[in-house]
Amino acid sequence: MRLNSQYIRTQLMIQNMLKRNAADTTVKNVSSDITAFAKKASSQAGRPSKESLSKLNYSKDSIVNHAEAFRRAYEAANDQTVEETKINAQNPYESESDIRKKILDEKYSKINAMNKTKPDPLGYIKDKYKNSNSPYFRNDLSAAERQAAYDNETEWLFKGKAQNYNMQDAAFRNVNFNGEVEAENEKIYQRSQVNKQLQALLDQYHIAIPADTALTFTISPIDYQVKVSGTDDGQLIHQLEHILQSGENSKQLFLHIMKSLSSDSAQYSKEAQQKYHTVREIYEVTGYHLKDLEVVDGRYVTPDGRDLLDVYKEELEKDPVQKKTAHFAIAHYGAELNRLAEAGYDSVPDFILSIDYSNGSLRDTGQKKSYGTGDTAWLRELKRRTGVNY
C-alpha cells in the first residue's frame, strides 16, 4: 500500500488534533464501522487509500471521540511508503546546439522555399556557393561559411527538412562553440533542477535542515537504499531517508550523481560501473538479483535450476521492440555474466555513490568540479580558456 501526499498531510493533521486534545479527552467506545476501517487500513496492500479515508468523518468531535481507532488506522498508514517521485535525473534541457538548430531551421526553411522557385534549384545553390564566376556567388562569406550554406541548403532541398546541420554557418560567425562547455552547462542546469525538486520534497513534508548542516547521502545500487550521515539528529536522518526512498526518488538521485561524475572522481570505477549496469539490466528484465543466485558450472542459475541467460533471452524476446536487438544485448550481458560468475560477485565492489548536501544544494564529493550552487567558478575559467562567449 503506497500513500499519496494528501493522505500523509491528512494524517499529520489528525495526529496534531489528537495531541491537542489528549489531555482532556477520554477515549470512548468505538463504533463498529470505525473499528472495521482501522482493521482494514492495517491489512490492505496495494489499493488506493482515498476511498477508505473518505468514509471517515474528520470533524473534531469524531476524531476526539474515536481517537483510538484513528490512532490504529494512522499507525498502520505510518508503516507504509509514500509513493511520490519528485526527483528527476534527466530534466528537459534546451542546449546551445538545440537553439542553433532552431535558428538554422527558421533560416533555411525560408531560403529553401525561395530556392525552389528557381527553374534549377540545385544549379542555383551551386552558383551561390561553388561557382565564383556566377553573378549569384556569395563572396561575402568565408569558404567555410559557403560550404556550410551549401550543406544546409541541399539538406533542405533533398530531404524537405534538416536532419543534419553544418554549424559553421554565417549565422554564428562571431560565436564560439565548445562541446565541453556545453556538457558542463547541462550538468549545472540539471543540478539546479534536482536541487529545486529536492527542496519541494522537503517542503512538502515540512522537513527543515538547519543552515550550515553538512550532510552526505550515500546510495547503494539496484535497491537504491539511502543512508544519511553528517548529523546526530536521528529524527532528521529518519525523515530524510524515508522521503528519499519514497517512489523512485533514491533511484533518480543515484542516476543524477552518476551523470555528475567527472573524469577525476574518486567515486568512479569502470569495473564497478560495468557491474552496476549488468546487475541492473538483469534485475530489471528478469527480476533476479545476481547476488541472490548461485553459480553452477560457471553460470548463474535461478532457484529452479534454469540458466539465467536463457531466462534473460526469453524475457527480451517477449517484447516485439527488444526482440529485434536482443542478440546484441545477449552477447554483451552474457559476456559480463560469465565474467562475474568466474571472478565472483564480490570480486568487483558495488557502485555505491555519495553526494553532499548543505544550505539548499547538493554538492559533489571526491572531484575537482562541483555543480552545486555557488560552486561553479571553475566554469568561468573554462569559458575564458576555450573562448566561449555565451
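Modeller: Let's start with α13 and α15, which pass each other in a right-handed crossing. Keep in mind that this is a predicted model.

Biologist: Okay, and at roughly what angle do the axes of those two helices cross?

Modeller: Roughly 155 degrees, and the axes of α13 (residues 308–318) and α15 (residues 326–343) come within 10 Å.

Biologist: Why is α13 called roughly antiparallel to α15?

Modeller: The label goes to angles over 145 degrees. The crossing here is roughly 155 degrees, so α13 counts as roughly antiparallel to α15.

Biologist: Which residues make that contact?

Modeller: From α13 it's L308, L309, Y312, K313, L316 and E317, and from α15 it's A326, A329, I330, Y333, G334 and L337. Sorted by class, there are 9 nonpolar, 1 polar and 2 charged residues in this contact.

Biologist: What about α7 and α8: how are they packed?

Modeller: α7 (residues 121–129) and α8 (residues 143–159) pack at about 170 degrees, with 9 Å between their axes.

Biologist: And what makes that roughly antiparallel?

Modeller: Again the cut-off is over 145 degrees. With an angle of about 170 degrees, α7 and α8 are therefore roughly antiparallel to each other. P121, L122, I125, K126, K128 and Y129 of α7 touch R146, A149, Y150, E153, T154, L157 and F158 of α8. That contact has 8 nonpolar, 1 polar and 4 charged residues.

Biologist: How do the axes of α11 and α12 cross?

Modeller: α11 (residues 249–260) and α12 (residues 270–286) cross at roughly 150 degrees, their axes coming within 14 Å. As the limit is over 145 degrees, α11 is therefore roughly antiparallel to α12.

Biologist: Is that crossing left-handed or right-handed?

Modeller: Left-handed, for α11 passing α12. K251, F254, L255 and M258 of α11 meet Q273, Y276, H277, R280 and E284 of α12, and by class that is 4 nonpolar, 2 polar and 3 charged residues.

Biologist: Now α9: how do you know that its length agrees with its number of residues?

Modeller: With 26 residues at 1.5 Å a residue, α9 (residues 179–204) should span 38 Å, and its end C-alpha atoms are 38 Å apart, so the two agree.

Biologist: What makes N178 a cap for α9?

Modeller: One of its side-chain oxygens lies 3.0 Å from the backbone nitrogen of E180. A polar contact has to be within 3.5 Å, and N178 caps the N-terminal end of α9.

Biologist: And which residue follows α9, with a positive phi?

Modeller: H206, with phi near 55 degrees.

Conventions: Residues are numbered from 1 along each chain as its sequence is written. This is a predicted model: local features need pLDDT of at least 70, side-chain atom pairs count only at pLDDT 80 or more; totals for chains, interfaces and linings use all residues. Side-chain values use heavy atoms; hydrogens and water are left out. Axes are lines fitted to C-alpha atoms, for helices over the stretch in contact, and angles run from 0 to 180 degrees between N-to-C directions. Helices (H or I, at least four residues) and strands (E, at least two) are DSSP runs, numbered from the N terminus. Angles under 35 degrees count as roughly parallel, over 145 as roughly antiparallel, 65 to 115 as roughly perpendicular and the rest as oblique. A crossing is left-handed if the near helix is turned anticlockwise from the far one by less than a right angle, and right-handed if clockwise. Contact means heavy atoms within 4.5 Å. Ala, Val, Leu, Ile, Met, Phe, Trp, Tyr, Cys and Pro count as nonpolar, Asp, Glu, Lys and Arg as charged, and the others, Gly among them, as polar. The expected span of a helix is 1.5 Å times one less than its number of residues. A polar contact is a pair of N or O atoms within 3.5 Å; within protein, one must be able to donate a hydrogen and the other to accept it, and residues adjacent in sequence count only if both atoms are side-chain atoms.
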